[in-house]
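Here is a short briefing on a two-chain protein model. Look over the sequence and the structure first, then read the points below.

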Amino acid sequence: MKLKQLAIFLGTLLAIPLLMLRNVNGMKSMKEKIKLVVIGNGPVGHNFLEYLVESGESDNYQVTVFGEEPLPAYDRVHLTSWFKNQSVDDINMVSEGFYPSNNFTLHSGDKVTQIDRFKRVITSDAGLEVSYDKIILATGSVPFVPPVPGHDRDNVFVYRTIEDLEKITAAAKTGKVGAVIGGGLLGLEAAKALMDLDLKTHVIEFAPRLMAVQIDDGGGKMLSRKIQDLGVSVHTQKNTQNIGDGETAFHKMSFADGQELETDIIVFSAGIRPRDELARQAGLGMGARGGVVINNNCLTSDNDIYAIGEVALWDNKIYGLIAPGNTMAKAAVDHLTGTGSSEFAGADMSTKLKLMGVDVASIGDAHATTPNSRSYTYVNDREEVYKKIVVSEDDKHLLGAVLIGDAAEYGSLLQFMLNKMELPSEPEGLILPSLDGSSSGIGVDALPDSAVLCSCMNVSKADVINAVEAGASDMAAIKSCTKAATGCGGCTALVTQVLNCELEKQGVEVNTNLCEHFSYTRQDLYNIIRVEKIKSFEELLENHGSGLGCDICKPTTANILASCWNDHVLDNKLQGLQDTNDYFMGNMQKDGTYSVVPRVPGGEITPEKLIVLGEVAKKYDLYTKITGGQRVDLFGARSEQLPDIWRELVDAGFETGHAYGKSLRTVKSCVGSTWCRYGVQDSMALSILLENRYKGLRSPHKLKMAVSGCTRECAEAQSKDVGIIATENGWNMYVCGNGGMKPRHADLFASDLNDVDLIKYIDRFYMFYVRTADRLQRTSVWMDNMEGGLEYLKSVIIEDKLGLAAELEQEMSAVVDTYQCEWKTTIEDPEKMKRFGHFVNSKLHDENVIFTTEREQIRPALTSERTSETA
Amino acid sequence: MTTAHQQWFDICNIDDILPSMGRCALFNELQVAIFRVIDQSGQEKFYAIDNFCPFSQSNTLSRGLTGSITDKIVVASPIYKQHFELSTGLCLEDDSVSVKTYPVRLNGCTIQLAA
Ligand code: SRM
Ligand SMILES: Cc1cc2nc3c(=O)[nH]c(=O)nc-3n(C[C@H](O)[C@H](O)[C@H](O)COP(=O)(O)OP(=O)(O)OC[C@H]3O[C@@H](n4cnc5c(N)ncnc54)[C@H](O)[C@@H]3O)c2cc1C
Ligand code: SF4
Ligand code: FES
């Protein structure tokens, strides 16, 4: 008793100072949560909430969020990818259940109209009144529309929200010509969108060059040239004075120099203005040209109101990029909750982008305004490349750079500048093409651990090192655990270098050798086999390997030989290389029996054939199941039964389904336009055609495809290596999806293709994969590890950047032309048939294969069930 | 090991087992996996071990791929891919596991096992 009382007494004594401490910090007890209102549900407002959850303090807050837009936060940086599917899924930032599971209240489609700082209440458009203790102002910015006469006409737009894109898409249906006013970064992105909407596109720029803020004159010229090559007309030094009725098109634009341009659609992209009207009305401190003034903790002039993102003015600057906004969000969370000490102390505005497929990068002092700085420029008119670096007077430090047409050096140049690293003597070498093929740039080892490699996601070199220490060993893993390289992608090359360097250092030898017998990668071996026309493992081993080979290099070689020459799996020189699944042309099950999976292209099957499957299964007493790939699997066949089973199936018109091979599995399909009321194309016919085309192709790992007849996507094409979705105008092709262990949604690769182009692209895509992937690397991982990723792949497959297209197509058609059903050929050869017996010297069966019955079918008996049977 | 007192039994013809592959023989009611391998010096060698794979509890070792790991001649279990040294039956991945080995030889064109 006494002890307990003492404990209570001590407890109260301790509790008093604790409580006082809490009050000093303005915190409240658990019961009374701090009322936090977040105004604006854009990317930065949302990232604030993510950081709040990460801080572990969100339970102490009663959070109410207002967003004027009808949808919860989406990734505005990737707004343009909305055009892909016209669906918000691709850019949605909010993971399922994020708001409810954290008890955050979200009012989408409701705008905050007033902040009453005396009553400490905000009012919304819908009439809600919410009292607050703290406010986060994340209202972002709006496009600036200069008050040119006619700016308020119909068919004049801005480019900022999903609704804007919806309106532009609708207007583009009836228009032919589009003009973007503003040749900055966003203007060019808008121009790309207009071009993709099949409009004849013009870019009107007031300044003498494009992207005047970020790049210099020489760079601007090269950029104009490249963009004009793409079919966009660029008009610089044009001051729009009036927009009126057109004669051949909806509008006529008149410029100060007397010229005119007729266009159906106009998109203004002439800069942004912070959305500071609420703050202004509430009397917060403002900049002379707008923006809510904040300090390093992101506090405004009111200690209970923070401002973050594009509405915030720090050191008289508005930051129109996402990375600084995220840094502000983190600083605000740290200050609000006291869980961290990060501050916003300005941000580097260097950028690298791909505009209309053109690499553009700008770093630091791109205009060489630093007194006495020196510049080095490299211009290549043939390749249309422009590069400039700006360095300090003594050649020691990088101050800025502009890269157009090829921005490969962006990552290392940026690191030189940010970390004030000393440049090599003759710094021009950094941008000159190296004639001996060796790459210039920096040893990433020299980078300090604090170096920020990925500015979008604020990932430092130390973060990457930690991830490697925790077991991440490829780019895919780095992306998923650090988020590095998942924003603009500009840092991919650099992050990959750091990854490899760390792996090497930590003794995880980045040994890309296939196995101890070959000091080559799978890709090397592929090239050797192709170039030297090698036809057997012995030949390869003798000339390029050592030892006897193993269960890694033998099947890999067999697989490459098949991709190249497509001889039968049981060809004498190949059969000893095949893994048991390929040797017995069935998947070995846990008890040593095999499965039988005949091909059912597209999942379409006649009742007659279905009956055959049933009859065969019944006759040989096989366990029967519908697979996840729209066909039927018969399990429990003993090796010696396989030839008889297959003879019956082949006689009934079936072919092998290659369920065992590293090869095409199925082309899943929906029923499509022939039956479905929504179908817009005949997905069934296409899937059968594709399955018949690619069946039997041996590849680094298995291949899966699907075709859906409309965007409802019943065939789940976006989870396949190649997925196809019908559109009104043809087919959209998606690549590098994966189900399985680490699901990945496929990326849109090309739109509205006709059948011929579609097949051409798939041919090239698969053959490029066959050439370059690692052993057992699915297309998803292959692309995630590829420098340049999707864009690079497009450049190789669609634009034929490597000049390989014709070769790839030819190689594919060689495979297609030499297709044979492996089972059919096998049962026709008595020599081969002999090898299926379990014993070499007896016709008996393996008595260890014991089945029991469950739900009216066989299954392998468990050990316990076996003993009871023998007992 | 081969000793003078061993009695040899004919199992099959050499052509019944393809180079670098294995087959299973029924021998004294036992399942024996026989392998035909050309070793590093170019010599043809025969090995015999249990067909029973202790990891998967199935009679499958004869259907594994042969090869070499460092200087050891091995077979890889076709189910979970553990390696067994053919001359000793030792498992490379787990030294507490091994399979039995049997005397085997080529006599003319006939492959023989001894009890
Ligand atoms: C039979 C089936 C399950 C079923 O009962 O439905 C199946 C069975 C097997 N799957 Fe699967 N998978 C089956 C559909 C799938 C699907 C669904 C699909 O294709 O739509 C997936 C996810 C989609 C994907 O691959 O992206 C799938 C992802 C896997 C994976 C993981 C692959 C990955 O990238 O992570 C493996 C393991 C591997 O390949 O390394 C695997 C491996 C296997 C193996 C081959 C395991 C093995 O080595 O024994 C199984 C034996 C098949 C057999 O004996 O015939 N199976 N497997 C399905 C056969 C489909 C067909 O008709 O060919
Ligand atoms: C097409 C495009 C491409 C871009 N590309 C890049 C790029 O490559 N790299 C890069 O770094 N940046 C890029 N940006 C800029 C980037 O999108 C912005 O920096 C970022 O969106 C800023 O986020 P934010 O949350 O501060 O503001 P916003 O995104 O503007 O979000 C503010 C939100 O608050 C809402 N709101 C405003 N007032 C109220 C109110 N009173 N009540 C309720 N809600 C309100 C708005 O409707 C809006 O939804 C791009 C922008 C666009 C439009
Ligand atoms: S994807 Fe479209 S066409 Fe195909 S079944 Fe579904 S709704 Fe019908
Ligand atoms: S810098 Fe943009 S993704 Fe890393």
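Which residues of helix 5 (residues 162-172) of chain A are buried? They are I162(A), D164(A), L165(A), I168(A), T169(A), A171(A) and A172(A). Buried means under 20% relative accessible area, exposed over 50%, and partly exposed in between (1.4 Å probe, protein chains only).

This is a predicted model, in which local features need pLDDT of at least 70, side-chain atom pairs count only at pLDDT 80 or more, and totals for chains, interfaces and linings use all residues. Residues are numbered from 1 along each chain as its sequence is written, chains are lettered from A and ligands numbered from 1 in the order in which they are written, and side-chain values use heavy atoms, with hydrogens and water left out.

**Chain A**

- Chain A has 27 helices and 37 strands. Helices (H or I, at least four residues) and strands (E, at least two) are DSSP runs, numbered from the N terminus.
- Chain A has 871 residues, and 53% of them count as buried.
- The accessible surface of chain A is about 39200 Å², with 51% belonging to carbon and sulfur atoms. Accessible areas come from the Shrake-Rupley method with a 1.4 Å probe; for residues, only the protein chains shown count as cover.
- Take the contacts in chain A between residues at least 6 apart in sequence: 62% join residues at least 24 apart. Contact means heavy atoms within 4.5 Å.
- The buried residues of helix 5 of chain A pack against helix 3 (82-85), strand 9 (156-158), helix 6 (185-196) and strand 16 (265-268) of chain A.

**A buried histidine in chain A**

- H251(A) sits in strand 14 (residues 251-255) of chain A.
- H251(A) counts as buried because its relative accessibility is 0%.
- A polar atom of the H251(A) side chain lies 3.4 Å from the backbone oxygen of D154(A).

**Salt bridges**

- Side chains of opposite charge can pair when their charged atoms come close.
- Over all chains, the structure holds 55 salt bridges. A salt bridge is a side-chain nitrogen of Lys or Arg within 4 Å of a carboxyl oxygen of Asp or Glu.
- R120(A) and D304(A) form a salt bridge, with the closest N and O atoms 3.1 Å apart. This pair links distant parts of the chain, 184 residues apart. R120(A) is in the loop between strand 4 (112-116) and strand 5 (121-124) of chain A. D304(A) is in the loop between strand 18 (292-293) and strand 19 (305-307) of chain A.
- R120(A) is partly exposed, at a relative accessible area of 29%, whereas D304(A) is buried, at 17%.
- R647(A) and D644(A) meet in a salt bridge through their side chains (3.9 Å, N to O). Both lie in helix 19 (residues 642-651) of chain A, three residues apart, about one turn of the helix.
- R647(A) counts as partly exposed at 33% relative accessibility, and D644(A) is partly exposed with a relative accessible area of 37%.
- The side chains of E854(A) and R859(A) also meet in a salt bridge (3.1 Å, N to O). E854(A) counts as partly exposed, at 34% relative accessibility.
- K479(A), R744(A), D747(A) and D784(A) are joined into one network by salt bridges that share partners.

**Chain B**

- Chain B has zero helices and eleven strands.
- Of its 115 residues, 55% count as buried.
- The accessible surface of chain B is about 5300 Å², and 50% of that belongs to carbon and sulfur atoms.
- Among contacts in chain B between residues at least 6 apart in sequence, 43% join residues at least 24 apart.

**Where the chains meet**

- In chain B, 35 residues are in contact with 35 residues of chain A.
- About 2700 Å² is buried between chain B and chain A, and carbon and sulfur atoms give 55% of this area. Buried area is the accessible area (1.4 Å probe) that two parts lose on being put together, summed over both.
- R23(B), R63(B) and L65(B) supply 27% of the area that chain B buries against chain A, more than any other three residues.
- There is one salt bridge between chain B and chain A. D579(A) forms a salt bridge with K81(B), with the closest N and O atoms 2.9 Å apart.
- Strand 7 of chain B gives the largest share of the side of chain B that touches chain A, five residues.

How values were computed:
A polar contact is a pair of N or O atoms within 3.5 Å; within protein, one must be able to donate a hydrogen and the other to accept it, and residues adjacent in sequence count only if both atoms are side-chain atoms.
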